[in-house]
Amino acid sequence: MRQEEIWDADTARRYDTPGRGMFAPEVLEPTVERLAELAGDGRALEFAIGTGRVAVPLAERGVPVTGIELSPPMIDRLRTKVDEATIPVVVGDMATAVAPGRYTLVYLVFNTISNLLTQAEQVACFRNAARHLGPGGRFVIELWVPELRKLPPGQQATVWHSEPGYIGLDTYDVLRQHVVSHHFRFDDGRQAQLFRSPHRYIWPAELDLMAQLAGFALESRHADWAGAGFTAESRSHVSVYRLPPDR
């Protein structure tokens, strides 16, 4: 599955869930608050801006936001909310596409760096972030922690969420560090709707090394956007990387 095939018009149409899931206020508000704090008086660039879940409220906070996005249908959904003058978007891959100008903050939320399916592409993403930042600029990544401890010998799948009408499970290829997320949605009928997305998972230590290769140093790591401590039991992390102030 190529990313262009996954993030098509049908996916873009169903992506936004106002007030629920990743659009819930308790999820979105701490994210925007922290990013606004990190951007300060500067400009922000979002890799894989999508339909503007984070960019639109961040821009409403007064932070100038530009985006890079691979999927034209996702951009079309964003354009129903704001125009090009409010949030400019460059069409392209977050590992290679270049947006004009310099930024104090580049950010990549909700596990999206794992959409790049090779280590080389993920390293290129870090280098692309560095290319867009001025001295002392920050690159923020939100990413889940691989749950391989849940895999007993011989098992290749884990159910990571289950509720009425929905089951989420991941299938792992541990040799290539690949995982496919399967999202099953169903009602009382006999048919279920399936959405799948492939990822390359990254351990925090590997992510830190990618950052070093691009000239970044780890500034902070928390378990969530509100600043909870990151521990061995944390299921995700928000990592802030920073360039030297005199580069």
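Modeller: Here is a close look at one strand and the pairings around it. Bear in mind that this is a predicted model, where local features need pLDDT of at least 70, side-chain atom pairs count only at pLDDT 80 or more, and totals for chains, interfaces and linings use all residues. Residues are numbered from 1 along each chain as its sequence is written, and side-chain values use heavy atoms, with hydrogens and water left out.

Let's take strand 1 (44-47); strands here are DSSP runs of E, at least two residues, and helices are runs of H or I, at least four, numbered from the N terminus. Both of its faces are covered: Ala-44 and Glu-46 on one side, Leu-45 and Phe-47 on the other, are all buried, meaning under 20% relative accessible area with a 1.4 Å probe, protein chains only.

Strand 1 runs parallel to strand 2 (residues 65-69), with 4 bridges; pairing takes at least two DSSP bridges. Ala-44 has Val-65 as its bridge partner there.

As for cores (buried Ala, Val, Leu, Ile, Met, Phe, Trp, Tyr and Cys joined through side-chain atoms within 4.5 Å), Phe-47 is among the residues touching the most other members of the largest one, which has 34 residues. Strand 1 and strand 4 are among the elements giving two or more residues to this core. Ala-44, by contrast, belongs to a second, separate core of 26 residues, which also includes Val-54, Leu-78 and Val-238.

Methods. Buried < 20%, exposed > 50% of the residue type's maximum accessible area, 1.4 Å probe, protein only.
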